[in-house]
Amino acid sequence: MIKSGETNSRSFPGIALNADLVITGGGLSGVCCAITAARQGLKVVLVQDRPVLGGNSSSEIRLWILGATSHMGNNNRWAREGGLVDEILVENTYRNPEGNPIIFDMVLLDKVKKEPNITLLLNTAVYAVEKKDATTISSVKAFCSQNQKEYLLSAPLFCDASGDGVVGFLSGAAFRMGAESREEFGEKFAPSATYGELLGHTLYFYSKDTGKPVTFIPPEFALKDITKIPRFKTFNAKDFGCRLWWVEYGGRLDTVHDTEDIKWELWKVIYGVWDYIKNSGNFPEATTLTLEWVGAIPGKRESRRFEGDYMMKQQDVIEQRTHEDAVAFGGWSVDLHPADGVFSEKPGCNQWHSKGIYQIPYRSLYSKNITNLFLAGRIISASHVAFASTRVMATAAYVSQAVGVAAAVCKEKNILPADIFNKGYITTLQQRLLKTGQYVPGLVLKDSQDLVQSAVITASSELVFKEFPGKPLLKPLTLSVAQLLPLQKGEVAPFVFHADATGNTELEVELRVSSKPGNYTPDITLAKQTIPLHPGRNCVDLRFNTSIENTAYAFVTFMKNPAVELHFTEKRVTGMLSVFNSVNKAVSNYGKQTPPEDIGMEAFEFWCPQRRPEGHNIDLKYHQGINLFQAENIRNGTDRPTSAPNAWVADWNDPQPRLTLKWTAPQQISTIDLFLDTDYDHPMESVLMSHPETVMPFCVRHYRIKDAAGNIVAEKKDNYQTHNRIQLEQPVITDTLIIELEHPSANVPAGLFAVRCY
């Protein structure tokens, strides 16, 4: 028993923690930064002011995680972010294909708690900053509302991943809030004052069918007149969760200090909307529905943006500008919303896509005037227009992984964040990021410590693609479709395809490529053919009589004709897929982007894959053969398809696919890294949307590694992850490693992007 009758004032217990890096904010950005830094050997304190991790992706807010893949609705092929954010999304898809937000909370908590180098403080809010001098943070103060403890968190390096930039604000870091004018950066898409300077907040709700009639009595504060919402006629009884992202408010208020007022207005709207659905009589199907959950914390889009040594702008995104200090990439559209949100007469968003992914520079990831402060998540150094693309969670988390590795470089070199660029350590940072699976467009890993670089590599087989084996599927050509194929430079050989026609008709076929290496926007047509078809089955010898200048992906394009059934196949291969000139309204894709002339955006067509179980390949034959799936690809320094597959793929008929690595002398090997194919084209939305499988069909599930004597060094069964790091309990000394793989299925040959040994 504790009993005290003292009348003197008291204070809460104080706890002092020292770390190498203190990260404020436990959203997806803070989580990915923390785990990445911890795995690089740093002692990390992660401070989160909420009871769970994940921020906007958590069960408290329930927004799906997206980035460059954009719901598979743009031309960014194989663009899912790598490293930790990939690991988390693959894990969640395996454990939680239904998109249950509670399970996703568990996945994040589990990932963080597994890391011994992370001290996690939940329900703990940073409220003060102490400084060593005008430009240096020495510690932050935080308070936990649940245990009534005060924390003093000290470190040489700090990272603000808090979304609103609490540490940056308190420390005096330079920041901006609101939109820049067109004139400041020459951004033609900069919004006018009438459109608004800030994106607002959103609250979501979930409904549930109880199977029996349910009444709803709205609260007094609920919106009474639903017609105040211009789009009220689009409400229905089936939409819920983040499908209602456009229920947005607050863009004309202070999106930090007015957040509670914004929340109340959103509650007013949500309960008014539900009253309308339940009680207007317009939705008899809602009779048995109940309101299962309403968010209590707004999902925030925009508040403060902090200034680094470089501020990204519209041109960086749309022109895909290159940066010598690139450490990440983005690919979401430039996605601005009207400041009046749900009460606006304008469309809920205004999205314009670039033709491909773009680089994000390191100089945008630290404060220009607080020397030991990293910027992570949506607060990085970007204009309002560029922020409209970089703000989405997967992109925000991806740049945060770069911060985690940068912090490790700073500690090891005893330097400050800006010194990585200014003192010539940027290549060190970039190469280290690539080793973790952080793909950066235009960069290639060159790792002198990797023993595989000096090995002789042989394979039991190498796929030379000539055709898809097995029986074809017949599908009507109701959409224009293209087979995306990696072709070697030089003359394009003839193709053979089969089509069934209901009568005499013509089929237009084109060979297209992208105007920029690494893009997948087919904006250049190299050749066209108009092919007459007769009723029934047609076997067509397709000759384009053209060549391509460099090894690249080409689009063998079949223009839509409902009178034709094209032959497809269920077979799939790493680095090959079909794309369709289709519509995806969720990301403002209407088959073609046609922007006004004065906003600095480009016009082009969208050619996007279909989600499995659709999206079958076109059953083409290419008798010359595509010889780009060689074993040498496992050490070429690129771990996903770009202008080529960058993977070793075994032949379809290889009964036991295997790679052999042989050295001229025995090597001591302690660590083996394998990078497998978990389909970087699948976006893996984390909540609400479900996924057709828990393991990507290209992923090798079972493998074993043997030494020269045939001893099993390592074995893995039921793998589903991209990056497999094998840390041997005892180093093995051998002049040979044999990696035996099993084909993922009868429809997919085994493939492998990279092997690295240390």
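**Figure 1. Surface and overall dimensions of the protein chain.** The accessible surface of the protein chain comes to about 29,400 Å², and 49% of this area belongs to carbon and sulfur atoms. Accessible areas come from the Shrake-Rupley method with a 1.4 Å probe, and for residues only the protein chains shown count as cover. The model is a predicted one, in which local features need pLDDT of at least 70 and side-chain atom pairs count only at pLDDT 80 or more, while totals for chains, interfaces and linings use all residues. Residues are numbered from 1 along each chain as its sequence is written, and side-chain values use heavy atoms, with hydrogens and water left out. Along the principal axes, the C-alpha atoms fill a box of roughly 90 × 70 × 55 Å. Of the 758 residues, 62% are buried; buried means under 20% relative accessible area, exposed over 50%, and partly exposed in between (1.4 Å probe, protein chains only).

Figure 2. The protein chain contains eleven helices and 43 strands; helices (H or I, at least four residues) and strands (E, at least two) are DSSP runs, numbered from the N terminus. In this sheet the strand order is 27-26-30-23-32, with antiparallel pairing. Strand 27 (524-533) and strand 32 (577-580) are the edge strands, each pairing on one side only. Two strands pair if DSSP finds at least two bridges between them. Strand 23 (residues 481-487) and strand 32 are joined in the antiparallel sense over four bridges, and Val481 has Phe580 in strand 32 as its bridge partner.

**Figure 3. The surroundings of Val385.** Val385 belongs to helix 8 (residues 384-390) and is buried, with a relative accessible area of 1%. When residues up to four places away in sequence are not counted, Val385 touches Glu187, Phe189, Ala190, Pro191, Gln314 and Val334. Contact means heavy atoms within 4.5 Å. Glu614 is 229 residues from Val385 in sequence, and their C-alpha atoms are 35 Å apart in space.

Figure 4. A search of the whole structure finds zero disulfides, a disulfide being a pair of cysteine sulfur atoms within 2.5 Å. Cys757 is in no disulfide, and the nearest cysteine sulfur, that of Cys699, is 19 Å away. Cys757 is buried, with a relative accessible area of 0%. Cys144 is also buried, and has a relative accessible area of 5%.
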